[in-house]
Each structure stands twice: as structure tokens, then as C-alpha cells.
2 protein chains.
Amino acid sequence: MARPTMEDVAARAGVSRALVSLVMRGSPKVSAARRTAVLEAAAELGYSPHAMARSLASRTSHVLGVMVSDLHNPFWAEVVDGLDGHARAAGFELVINTGGRSPSREQQALRSLTSFRPAGIALLGPVVASSAITAAADVPLVLVSRSSRLSIVDTVNDDGRAGSALAVDHLVALGHREIVHIDGGSGSQAAPRRAGYQVAMARHGLTPRVARGEYTEAAGAAAVRSLRSPFTAVLAANDLNAVGVLSALAEAGLRVPEDVSVVGYDNTWLAGLRHIGLTTIDQPREEMGRLAATALISRVRGERTAAARLVVQPTLVVRATTGPPRTQ
Amino acid sequence: MARPTMEDVAARAGVSRALVSLVMRGSPKVSAARRTAVLEAAAELGYSPHAMARSLASRTSHVLGVMVSDLHNPFWAEVVDGLDGHARAAGFELVINTGGRSPSREQQALRSLTSFRPAGIALLGPVVASSAITAAADVPLVLVSRSSRLSIVDTVNDDGRAGSALAVDHLVALGHREIVHIDGGSGSQAAPRRAGYQVAMARHGLTPRVARGEYTEAAGAAAVRSLRSPFTAVLAANDLNAVGVLSALAEAGLRVPEDVSVVGYDNTWLAGLRHIGLTTIDQPREEMGRLAATALISRVRGERTAAARLVVQPTLVVRATTGPPRTQ
DNA sequence: TCCTTGCGTTGGAGCGCTCTAATCCGCCTA
DNA sequence: TAGGCGGATTAGAGCGCTCCAACGCAAGGA
């Protein structure tokens with residue numbers, strides 16, 4: 001038994017195909033009697049419209065393509081939640097795809113997304129080259145956690161410089177002076193966080209110390225092990241990285257926060273686990289998703305043509321991994 | 001500038017639309033000269049085939065719909081990885097959707113998936129009613145981490161009874177006798193894990209003690225706090241739940257594993273974090289994804305009609321949260 | 001009475017592609 | 001030289017839907 005089509009519904013309701021189409025799209029210019037007849041017929045047949053045929057015929061799409069760079073990072077799951085909720089409310093469906101942190105796989109994912117001819121595409125933390133992005137950009141595009149100067153794309157970012165400054169200020173207020181930053185290497189948004197840290201340290205008359213890292217647990221642990229001279233606080237690249245820092249500190253017999261304070265970045269649920277209780281910088285993840293959806297949809301509707309540069313403000317969340325330094 | 005169509009490519013290459021179609025599908029019955037001409041024209045125009053028009057015309061689909069019950073649980077991210085890799089290799093695209101743990105949202109997600117007329121649908125840890133599943137089932141369906149007696153659906157599960165038994169055996173071998181199980185309530189696969197625990201305890205001549213829980217950190221912590229009589233080991237509902245157990249034990253001033261041993265379930269990366277170092281039961285997550293993809297694809301190709309009941313074997317991963325009980 | 005108006009409804013074209021059957025053409029065989 | 005063959009190519013219909021122009025019809029105005 002093949003799926004019923006609009007034709008079948010029309011036949012059963014004793015009307016034309018075009019009328020069924022109008023009912024399905026909730027058009028006001030259909031008499032109440034016909035409307036209920038059509039809806040009944042549709043219900044009896046278990047009819048549901050064929051999204052692809054619809055978008056093919058209407059030359060419009062109700063699909064938003066989303067490429068998630070890394071499905072394993074809980075950060076993105078929460079951004080997707082925000083996107084999903086808002087898009088759904090506006091009548092859009094999400095097609096999610098994953099890029100696995102590799103430029104080539106991202107490019108393939110991008111191609112696969114465009115084959116659906118979505119109304120717009122959101123790239124969450126992409127690492128793919130700018131040129132590949134422009135190539136795909138005959139639809140509205142929004143980048144989350146990656147800045148870009150391309151005028152055809154919108155961006156949603158947190159103010160990484162401000163975030164790092166919040167962390168430094170917090171640590172300095174507690175009395176710390178030897179504050180190390182483990183950075184995110186070439187990861188998305190690593191540069192502004194690093195810059196924010198350096199500026200804030202200078203503002204307090206302190207010497208910045210940056211250890212090379214990336215957005216993984218292992219990198220956080222390795223960076224701590226490589227540090228020779230003493231320090232009393234660490235600003236990690238992100239929460240995952242911070243957990244690696246915690247492990248390495250424990251290995252070295254250092255207590256947190258008595259001997260060393262640690263601050264993460266993102267405030268994913270990982271940081272909130274009581275067993276970890278990480279002081280961290282909160283990025284409003286759901287809001288970022290919502291903003292991305294809004295930006296995309298407004299472009300799709302042609303309400304805006306100028307590039308949007310949306311910046312959200314990070315906040316400090318104090319938990320158990322920061323405290324005053326040891327008074328020596 | 002609208003996207004180029006097959007017509008445009010055909011015109012540029014000086015051939016018919018049908019020939020372009022053949023080239024795009026890699027048909028062998030095209031002369032080398034025409035093939036390169038078409039490919040060149042396509043490259044020059046930046047043509048990429050329109051997936052929806054294609055599936056509409058061919059009445060077949062290269063899309064697999066995937067509904068993830070909970071994007072926040074790292075377990076599913078890893079299953080999706082397995083699915084993705086295998087599906088992609090077989091020439092299928094994934095459309096991922098999220099159900100947010102709620103039956104009504106899952107049902108909506110399911111409707112949205114079917115509107116894409118996918119070749120098959122994978123439901124990862126669905127909580128939606130069986131009846132809603134059958135309603136959608138005019139395409140092959142596979143359930144992961146949820147058993148079902150419906151003959152039209154395939155299932156992929158780990159052997160939860162065996163997994164629990166592994167945990168109990170491990171703890172008993174270490175010398176434990178007071179082993180508590182915090183269960184997953186009505187969550188998917190909670191029942192077999194509970195049963196496996198009870199049977200294994202009985203086999204060792206021990207009295208089972210089950211505390212009601214669910215698959216969250218908070219539930220793990222709450223369950224431990226509610227326990228009155230002494231115990232030396234806990235088998236948690238899953239890893240997330242186990243982390244809650246660790247927190248509650250720390251609060252109560254109990255050390256792990258010196259005072260209490262803790263075993264999780266799933267072996268997500270969370271368990272592997274060195275700061276947590278959770279002994280746990282490994283479910284082969286990627287393999288489960290791969291099996292789901294294989295099952296779906298073989299049904300899609302009509303190679304099989306009988307329902308597949310795929311069961312994978314869990315294994316024990318010993319880390320830092322289990323050890324011999326205190327000798328009193 | 002006829003003509004207009006406007007709402008409700010419909011036929012038909014066409015979205016970008018696939019698929020079947022038909023056509024073309026060079027070459028081998030009788 | 002005619003006939004047959006088979007591989008390469010193409011025309012045309014059609015997938016399920018939307019959209020436009022056109023149509024029928026009852027009510028109102030001249």
C-alpha cells in the first residue's frame with residue numbers, strides 16, 4: 001500500500017487537487033464545508049504532505065540545514081536545542097548533519113546539506129575553509145562561534161574577550177597573580193579568548209602566560225604537565241579542557257581550589273556536574289541557537305540584506321574550583 | 001542567479017538532459033568523451049544535483065531519518081557516529097531530528113521525518129508509544145535501545161542482563177556483598193539491567209536492593225541520599241547517574257573506592273575522563289550505530305523481510321571507582 | 001433583464017529530476 | 001548491398017505538489 005497522495009484525498013473528498021492543496025496550506029479562501037470534508041478524507045487515509053514535492057513545486061523550502069562540527073561536545077547540543085525550538089515555531093524543519101571536526105568531512109557535509117536546497121544553513125563551529133563556505137552560499141548562511149568578514153553571512157558569537165576578562169578579574173579579585181591561560185589553539189574563538197586574557201592581565205599589571213592547547217581534555221592535562229614555573233590559577237580553553245586540567249593537577253598532588261584555582265569556559269552541563277563543580281564562563285547557548293535561527297529566518301524572508309554580527313555577553317558562574325590563593 | 005539545473009548543464013555540454021542524468025548517476029553506458037564533457041560543464045556551472053527532485057522522480061530515497069531522543073546524552077552522539085559513517089559509505093544521507101525525551105515531541109519529530117519520505121527510520125532510545133511507531137511504519141524502522149515485539153521493526157540492543165551481571169560479578173570478585181542497584185526507572189533498557197542485577201545477586205546468594213532512579217545525575221545523587229542501611233558498592237543506572245552517585249558519596253564524606261565502589265553503565269567519554277575514572281559497562285556504541293544502519297539498509301534493499309533482533313555484548317571496563325571493600 | 005462583482009473552485013502547466021521506450025548510428029555478417 | 005545488431009543517446013511522460021489564470025455562480029446594481 002503506497003502512501004496516499006493529494007490526488008487520493010481529493011478523490012475521496014470529492015474535490016479537486018488544488019482545493020486540497022489550499023486546505024493543507026491553511027488558506028482562508030475555502031468554505032468551511034469543503035475544508036472539513038478534505039480534512040476528514042485526509043485523516044481517514046492517513047495522508048501527510050510530501051515535503052519534497054511541496055518544496056519542489058513552490059520553489060521555496062521550509063528546511064534549515066544545520067552542520068554541527070562536533071556532536072560530542074555538549075555545547076553544541078544545547079545550541080541545537082535553541083535553534084530547533086525557534087525554527088520549529090516559525091514552521092521550519094531542521095536537517096542536521098555532522099562534520100566531525102575535519103575540513104574535508106565538513107565540506108562533504110555541506111554539499112550534502114545543499115542537496116536538500118534548504119532555505120538557509122547554520123554552521124556550528126565550522127573549521128572548514130572560508131572559500132568552501134562562500135561556494136555554498138547561495139542561500140542565507142549563519143556561522144555560530146566563528147567570526148567572518150564575509151558580507152553574505154551572519155555570525156553569532158559570544159564576546160570572548162569579555163569572557164576571558166571576567167575570568168581574570170574574578171581570579172585577581174580573589175588575590176591571584178600567577179594566572180596561566182591554556183588556549184584553544186586554532187579552534188574556533190580561541191583567538192579572542194586569548195586576546196581578552198592578555199589585555200585583562202596587562203590591565204592588572206600582571207604578566208600573561210599562555211600555554212598552547214586545544215579544545216580537548218587531553219590537551220588540558222598535557223598543558224598543565226608542561227608548566228614548569230609556579231602558578232596559582234588556570235584559565236582553561238573550555239570546560240572539557242578544564243577537566244583535563246583538574247586531572248593533571250590531582251595527579252601532581254595539588255588540591256583545587258586550595259593550591260590552584262581553575263576556570264573553564266562554556267558552562268556546559270559537564271561543568272555543572274557536582275562531582276566537577278567547575279567555575280566557568282557561561283555562554284548563553286540556547287540564546288545563541290535562537291539568534292542563529294532568527295537571523296537565518298529574517299534573511300530567508302528577505303527582511304534584511306545587511307550582514308548581522310550578533311554578539312552575546314558571557315557571564316561568570318562561580319562554583320567550587322576557584323578560591324583565594326594560598327598565603328605563603 | 002538561480003542554481004543551475006540539469007537542463008543548464010545539458011545545454012552547456014551540448015547533450016540531452018537524460019545523458020546528464022546518466023553521468024550524474026555514474027552509469028557505465030556513457031562514452032568517455034561525453035562523460036568528461038558533462039562533468040566539465042557541471043563543474044563550470046557549480047552544478048550539484050537536487051536531491052529532492054531526484055527522489056521524487058525515482059520514487060526512491062537516499063535519506064535515512066534518525067530521531068535522537070536526547071542529544072545531550074553523549075551516548076547517542078557516539079551511536080550517531082556509527083550510523084553516519086556506515087550510511088554515508090552506502091550512499092545514504094542522514095536527516096537527524098531530536099525528540100527531547102517527550103512522547104509528544106517525539107511524535108512530532110517522527111511526523112517531520114516522514115514528510116521527507118526517507119528510505120528508513122532509526123529511532124534512538126525512543127520513549128514514544130508503540131502505536132505511534134507502527135503508524136509511521138510504512139518504511140523500514142529500527143529501534144536502538146528499545147525492544148519491541150513488532151515484526152515490522154528491527155531492534156538493536158545490548159544485552160542489559162549480561163551487562164549488569166558483569167558488574168555484579170566484578171564487585172563480588174572484589175569481595176563486595178552489599179551491592180545496591182540504582183535503576184533507570186521507566187527509561188529504555190532499565191528493565192533488563194534491573195533483572196540482570198537481581199538474577200546475578202541471587203546467583204551469588206546475595207540479597208538484591210534496588211533504589212528507584214532515572215537516567216540523570218540528580219537521580220543518582222538523590223538515590224544515594226535516600227539509602228539508609230549500609231552498602232559497600234553501587235551499580236548505577238548509567239554513567240550520568242553514576243556521576244551523581246559519586247557527588248552524593250563525596251558529600252557524605254565517603255571515599256571512592258575505599259569506602260564505596262561505584263560502577264556505571266555505557267562507557268561514554270564522560271566515564272573516561274580521568275577526573276572521574278568511572279568503572280563501567282561498555283556498550284559498543286559505534287557498532288550499535290553501524291548495526292542499525294546495516295539493518296535499515298538491508299531492509300530498504302529488500303534483502304530481508306523478517307525482523308532482526310540484534311544484540312551486542314557489553315563488556316566490563318575497570319577504572320578507578322572500584323576496589324575491594326573495607327575489611328571491618 | 002443583463003451586466004458586474006467577488007468568492008470559491010478548478011484545470012493545467014511546470015518545479016528538477018528519473019525512467020522507459022524509441023531512435024540513431026557505426027559496424028559486422030550474409 | 002541490404003539486413004541485423006548492439007551500444008550510445010534522446011524524447012517524453014510523470015513523480016506529488018504549488019501556482020496562475022480562468023471559470024461558475026449567486027448576489028447586487030443598472
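Helix 4 of chain A gives the largest share of the surface near DNA strand D, 5 residues. Here helices are DSSP runs (H or I, at least four residues), numbered from the N terminus. This is a predicted model, in which local features need pLDDT of at least 70, side-chain atom pairs count only at pLDDT 80 or more, and totals for chains, interfaces and linings use all residues. Residues are numbered from 1 along each chain as its sequence is written, while chains are lettered from A and ligands numbered from 1 in the order in which they are written.

**Around the DNA**
- Of the 26 residues around DNA strand D, those that come nearest are A:Met6, A:Ser21, A:Ala57, A:Ser58 and B:Ser16; a residue is near if its C-beta atom, placed from the backbone, lies within 6 Å of the strand.
- Two or more residues each come from helix 2 and helix 4 (51-58) of chain A, and from helix 2 (17-24) and helix 4 (51-58) of chain B.

**Two helices in chain A**
- Helix 1 (residues 6-13) and helix 2 (residues 17-24) of chain A pack at about 105 degrees, with axes 8 Å apart; axes are lines fitted to C-alpha atoms, for helices over the stretch in contact, and angles run from 0 to 180 degrees between N-to-C directions.
- That makes helix 1 of chain A roughly perpendicular to helix 2 of chain A, a label for angles of 65 to 115 degrees.

**Two copies**

Technical notes. Parallel < 35°, antiparallel > 145°, perpendicular 65-115°, else oblique.
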